[in-house]
Amino acid sequence: MACGGWIENQTLFSNIAATINLEMPSTALGEFQKDLAQRGLIAHVEGELPSGAAGDIRSTVSLTFSHDEPDMKRVVPPFG
């Protein structure tokens, strides 16, 4: 939020991983990357960051959690 972005969607994969789809002004990408680094999260950027481009850009943050705990079990109600 500090970079002017917002979360569009998120997905949890048990207690193993999470993905966060977000959108933010393209001019805030560098600041977002610095903010992640200050929190100990190193961003791997695929491709080139757009420089000087106006408008918003969509991004995905993928997190993988390291631990020895078993997968979370969730009850899925019947549907159909």
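Colleague: What should I know before I look?
Modeller: The model is predicted, so local features need pLDDT of at least 70 and side-chain atom pairs 80 or more, while totals for chains, interfaces and linings use all residues. Residues are numbered from 1 along each chain as its sequence is written, and side-chain values use heavy atoms, without hydrogens or water.

Colleague: What volume does the largest pocket have?
Modeller: About 580 Å³. A pocket is an open set of points on a 1 Å grid over the protein atoms alone, where a 1.4 Å probe fits, with protein on both sides within 12 Å along at least five of seven lines. Points join across faces, edges and corners, and the volume is the space filled by probe spheres set on them.

Colleague: How many residues line the largest pocket?
Modeller: 20, with Ala43, His44, Val45, Thr60 and Val61 nearest its centre. Lining residues have an atom within 4 Å of a point.

Colleague: Which element gives the most to that lining?
Modeller: β3, with seven residues. Strands are DSSP runs of E, at least two residues, numbered from the N terminus.

Colleague: And the second largest pocket, what lines it?
Modeller: 16 residues. Met1, Leu22, Met24, Phe32 and Leu36 lie nearest the centre. The pocket holds about 370 Å³.

Colleague: New topic. Where is Leu12?
Modeller: In strand β1, residues 6–13.

Colleague: What does Leu12 touch?
Modeller: Ala17, Ala18 and Arg74, not counting residues up to four places away in sequence. Contact means heavy atoms within 4.5 Å.

Notes. Helix = DSSP H or I, 4+ residues; strand = E, 2+ residues; numbered from the N terminus.
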